[in-house]
Amino acid sequence: MRHDEPQARIPLRSTLGEPLVGVAACVAGGIAFNHFSEPGLTASYAFAAIALLAWLWREDTPSLWLFAFAAAGLLHFFQTGAAKSAPLFDRLAGGQVSVSAEGVVVSEPRATNPGGSGQRFDLRLESLANASRVYRVHSNIVSVAVRGNATLDYGDRVRVRGTLREPRQRRNPHSFDYGTHLRHRGIHAELLADVKNVESIGSGAGNPLVALGLRGRRWISEQLTRGLGEDAEVEKALILAMSLGAREDTPEAIEDKFRYSGTLHVFAVSGLHVGIVATVVWFFATAIAAILRAPRVFAIVATIVAVLGYALVTGLRPSAVRAAVMASIFLGGMLIDREPQLFNSAGAAALVILLFDSNQLFRPGFQLSFGVLLCIATFATPISRRLARPFEQDPFLPN
């Protein structure tokens with residue numbers, strides 16, 4: 001490194017003027033490379049170390065991108081490795097193991113069929129035991145399928161005796177692969193049990209914020225359906241599905257009608273829902289700020305709190321979380337007097353999500369959300385200008 005020149009640290013802007021776009025793209029590339037090539041721990045460490053030294057020596061944008069690529073691959077290795085590292089998981093290949101598991105319910109139990117004769121929920125393991133030994137476990141999550149209807153809630157500590165196995169692969173080509181879906185969520189084992197072998201041994205062990213959001217969701221559900229009679233189950237289900245994404249009580253026949261008409265997406269909480277919440281809160285917050293002569297910071301903070309709260313009451317659905325993170329970053333730039341940049345904000349949102357959970361990269365929702373957003377941001381203005389050109393007034397004609 002030459003010391004006779006002015007210090008040129010990491011450029012504040014890349015050649016595109018959007019520095020976080022390149023970093024986010026390299027992070028995504030590093031995760032994908034590590035996921036499909038599986039270079040191993042030693043190679044991942046070596047690559048990350050070389051990239052770090054190159055960045056410290058060159059201090060330029062390409063070396064920063066190289067380090068982001070290598071560091072993201074190493075992060076993905078640790079995240080996926082930690083998810084697979086629970087005791088007894090190595091015995092599941094091609095078979096199953098009878099176990100007794102203790103842990104915390106970290107998702108709302110959901111009915112697996114309209115008849116309500118089965119439930120499924122995610123269990124964060126604390127201990128896992130077979131016939132010969134009890135193992136202490138840290139943070140590994142399994143998907144529990146219960147035959148029967150257990151009375152459980154988020155945050156309950158439970159003891160489950162059943163059969164541990166690998167998630168089943170799809171049997172028919174082009175059908176939904178539930179096993180791959182679970183692995184992309186960091187879940188590498190299923191636990192099958194009868195309801196008589198599920199025992200609640202405590203409560204209140206979940207994340208307090210998530211528990212608060214779920215309680216808020218139940219309260220909002222009651223307010224949205226207040227006044228509807230007992231025979232309005234279909235109407236209640238449609239209201240809750242469209243507003244909060246709660247599809248659990250929607251009759252299968254109603255879902256089929258929306259599915260066959262190509263409008264099932266109205267049941268999914270998306271960026272549009274978050275955008276509506278942000279717009280409404282921003283309108284009222286700016287009006288209140290003007291009346292009280294409060295600074296614009298009041299409206300910004302109120303909008304950020306509102307979109308994060310909405311994501312919480314939807315049950316932290318990935319689509320709502322992605323949109324809330326994006327909106328919060330976009331608005332957060334105003335708090336530090338920075339002009340919002342759509343591409344830069346999208347890159348920052350992708351970085352936050354991928355660093356928290358690198359498996360999000362392989363989820364179709366993540367790919368569609370950022371792909372569609374970037375396409376709109378790239379092509380909307382040129383296309384609108386071209387379409388408007390025939391209708392522009394001739395500059396040589398008098399007004």
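Predicted model: local features only at pLDDT ≥ 70, side-chain atom pairs only at ≥ 80, totals over all residues.
Residues are numbered from 1 along each chain as its sequence is written, and side-chain values use heavy atoms, leaving out hydrogens and water.

First, the overall picture. The protein has twelve helices and eight strands (DSSP runs numbered from the N terminus: H or I of at least four residues for helices, E of at least two for strands). Its C-alpha atoms fill a box of roughly 80 × 65 × 50 Å along the principal axes. Of the 399 residues, 38% are buried.

Now for two helices, side by side. The expected span is 1.5 Å times one less than the number of residues.

| Helix | Residues in helix | Span, first to last C-alpha | Expected span |
|---|---|---|---|
| α5 | 17 residues | 24 Å | 24 Å |
| α6 | twelve residues | 16 Å | 16 Å |

Back to α5: its buried residues are Val210, Gly213, Leu214, Arg217 and Ser221. They cover an arc of only 100° around the axis, so they sit on the same side of α5; the arc is that of the directions from the helix axis to the C-beta atoms. An α-helix has 3.6 residues a turn, so residues three or four places apart point the same way. The buried residues of α5 pack against β2 (110-111), α6 and α9, where contact means heavy atoms within 4.5 Å.

Helix α6 has its own buried set: Lys236, Ala237, Leu240, Ala241 and Leu244. Those residues cover an arc of only 125° around the axis, which puts them on the same side of α6. Their cover includes α5 (208-224) and α9 (297-313). After α6 comes Gly245, with a positive phi near 75°.

What about the surface? Leu272, Ile276, Val280, Phe283, Phe284, Ile288, Ile291, Leu292 and Phe298 make a nonpolar patch of about 960 Å². Such patches take residues with over 30% relative accessible area and no salt bridge, joining nonpolar side chains (Val, Leu, Ile, Met, Phe, Trp, Tyr) within 5 Å. Helix α8 (residues 271-292) gives the largest share, eight residues. Ile288 lies in helix α8, and it counts as partly exposed because its relative accessibility is 39%.

Note on methods:
Buried < 20%, exposed > 50% of the residue type's maximum accessible area, 1.4 Å probe, protein only. Patch = residues over 30% accessible without salt bridge, like charges linked within 9 Å, V, L, I, M, F, W, Y side chains within 5 Å. Areas by Shrake-Rupley, 256 points an atom, 1.4 Å probe, with all protein chains shown as cover. Salt bridge = Lys/Arg side-chain N within 4 Å of Asp/Glu carboxyl O.
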